[in-house]
2 protein chains.
Amino acid sequence: MATLRVPADVPAPSEDAEQLRWGTNEQLIIDILAHRNAAQRDSIRRTYHEAYGKDLLKSLDEELSSDFERAVVLFTLDPAERDAYLANESTKRFTSSNWIIMEIACTRSSHELFSVRKAYHARYKKSLEEDVAHHTKGDYRKLLVPLVSAFRYEGEEVNMRLAKSEAKILRDKISDKHYSDEEVIRIVTTRSKAQLNATLNHYNTAFGNPINKDLMADSDDEFLELLRAAIKCLTVPEKYFEKVLRKAINKLGTDEWALTRVVTTRAEVDMVRIKEEYQRRNSVTLEKAIAGDTSGDYEKMLLALIGAGDV
Amino acid sequence: MATLRVPADVPAPSEDAEQLRWGTNEQLIIDILAHRNAAQRDSIRRTYHEAYGKDLLKSLDEELSSDFERAVVLFTLDPAERDAYLANESTKRFTSSNWIIMEIACTRSSHELFSVRKAYHARYKKSLEEDVAHHTKGDYRKLLVPLVSAFRYEGEEVNMRLAKSEAKILRDKISDKHYSDEEVIRIVTTRSKAQLNATLNHYNTAFGNPINKDLMADSDDEFLELLRAAIKCLTVPEKYFEKVLRKAINKLGTDEWALTRVVTTRAEVDMVRIKEEYQRRNSVTLEKAIAGDTSGDYEKMLLALIGAGDV
């Protein structure tokens, strides 16, 4: 469930666009953009462009700065375009991150992921998978390319016989420490989330440990860490996001990029569950944690997106 | 260019459906179904279902037999559904064919291939890539899974610097006989067709041989044969299809499955170019070759689809 809160009476896109054009007031920007859904933000952006001949994001970019700007711009972007942008950043030399690519590939629905791939074509004149393949190698490439190329079946049907046989395959490969074996990769990257879940439940029951515990063997192995995170994203995404938030906030010097990314990409999706998970795990609300760790307009923007305060 | 010929005055779908319902005449079936485009056939099928409560394909299946039936049914299917069906057949034990999977992945446009993946979900409650991955292994899996999962960029933009560097990579790997190296697979499976074409042109110019000649080294190696065919499909599909037709027709005992597949899948796409290529290579028209090798209603159906005779 989303934390995004949209007022009962939403002004016309032209009205919002006009306010954004002439206001230099950060609170106004938050009041409007942090309280419109993706379709509404898209209308505002189009109306703005028609009326003033300029991309709203460019205008915001000129007026705002640092973390607040990044949060406003990221959230205002269409979700597929935003993911394409984040993924593209993640394949570049100085901002490369296999984690963000994995996160986008594993936590979006099949159709959402395909929309990201279309947005990537439109924006970068290349395919997402070709950039991911080009900028990775070895085990990372073996895992990430099929992850971003997947179009998983989304039905709830489960084949229990298959779940058992593939749990066994996973167990055998893990026992032999063949963590990047092609069968492990195949199962994790191609099966539907429902089927994978059944397989991992059976794994837990039959072999006495959750798979991610067996994958802890070598806690310094970065590939193994990424594989565990992918499994988490595919099965319990709210736990994955809770941990990203926890690490971002608890870090000496907050990791604003991670914080901004999770809040802007999940506010319209499952932030309610992530907040529950956060409170359960940290004995403090996410609102309090964010308020304690950020300040000014940036803080206000994040709190608005996670549903704190009035609309 | 398509060879499919649609009459100037097309009857209403309800009229076609009615004729198909009451006619047991094969010529009538050819006159209607071999002369309607995909959208029209779809309308007929839907109208038929609404009027008579039965799938037209089921009815045809009961009335017709053998090669003629397969040609009529395959052609009548919606193109994406037809490809999903052919791909699914190709992952089954007794009809498995890595070639057909490769052919579908490499000769369809990016959006067409994605439509096949959607049709596969709807029809088989699984993803195309999960079945392909499950039913292949080793080098075949390494090549085929990314091929069917690709969503290649389709613009004409070419990066010449990249073309040169990747031509060099291909050359080095081929010289070392590392034909299934992950870099070879990456380049062939992720680059846009325009980019790949530039790379292979540079390969030819810089190293004095077309890449497929260098990949002939071991002519008994089936994986190498598949890789060559994939490269052909991606760059000169009409030459690939000409060869499939030539082998199907010249075989002792025609290979009707291959003949039917190529004619039904290409009639609405590029059969004009395939026919030109066929005549150039065999000094006989494809019409003559098919007429000499097939007979009866099956012959009539194929000839109608490749544009021989009257509408």
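Being four residues apart in helix H11 of chain A, Lys168(A) and Asp172(A) sit about one helical turn from each other. Helices here are DSSP runs of H or I with at least four residues, strands are E runs of at least two, and both are numbered from the N terminus. The side chains of Lys168(A) and Asp172(A) meet in a salt bridge, 2.9 Å from N to O; the term means a side-chain nitrogen of Lys or Arg within 4 Å of a carboxyl oxygen of Asp or Glu.

This is a predicted model, in which local features need pLDDT of at least 70, side-chain atom pairs count only at pLDDT 80 or more, and totals for chains, interfaces and linings use all residues. Residues are numbered from 1 along each chain as its sequence is written, chains are lettered from A and ligands numbered from 1 in the order in which they are written, and side-chain values use heavy atoms, with hydrogens and water left out.

**Salt bridges**

- Over all chains, the structure holds 54 salt bridges.
- Back to the opening pair: Lys168(A) counts as partly exposed because its relative accessibility is 42%, and Asp172(A) gets that label at 34%. (Buried is under 20% relative accessible area, exposed is over 50%, and partly exposed is in between, using a 1.4 Å probe and protein chains only.)
- Asp16(A) pairs with Arg36(A) in another salt bridge, with the closest N and O atoms 2.8 Å apart. This one links distant parts of the chain, 20 residues apart: Asp16(A) is in helix H1 (residues 13–22) of chain A, and Arg36(A) is in the loop between helix H2 (26–33) and helix H3 (38–52) of chain A. Both Asp16(A) and Arg36(A) are buried.
- Arg266(A) and Asp270(A) form a salt bridge too, at 2.9 Å between the closest N and O atoms, and both residues are buried.
- Shared partners tie Glu130(A), Arg141(A), Glu166(B), Glu182(B), Glu183(B), Arg186(B) and Arg191(B) into one salt-bridge network.

**Where chain A meets chain B**

- Each chain brings 30 residues to the contact, with contact meaning heavy atoms within 4.5 Å.
- Together, chain A and chain B bury about 2600 Å², 57% of it on carbon and sulfur atoms. Buried area is the accessible area (1.4 Å probe) that two parts lose on being put together, summed over both.
- Six salt bridges run between the two chains; one of them joins Glu183(B) and Arg141(A), 2.6 Å from N to O.
- Chain A's side has two or more residues from each of helix H8 (110–124), helix H9 (128–134), helix H10 (138–149), helix H11 (160–175) and helix H12 (182–190). H8(A) gives the most, with five residues.
- By class, that side of chain A has six nonpolar, eight polar and 16 charged residues. Ala, Val, Leu, Ile, Met, Phe, Trp, Tyr, Cys and Pro count as nonpolar, Asp, Glu, Lys and Arg as charged, and the others, Gly among them, as polar.

**Domains of chain A**

- An automatic or database assignment sets the domain bounds: domain 1 (13–63), domain 2 (80–149), domain 3 (160–235) and domain 4 (237–305).
- The C-alpha centres of domain 3 and domain 4 of chain A lie 28 Å apart, and four residues from each domain take part in their contact.
- Domain 3 and domain 4 of chain A bury about 390 Å² between them, 68% of it on carbon and sulfur atoms. Lys232(A), Cys233(A) and Thr235(A) supply 86% of the area that domain 3 buries there, more than any other three residues.
- Zero salt bridges are counted between domain 3 and domain 4 of chain A.
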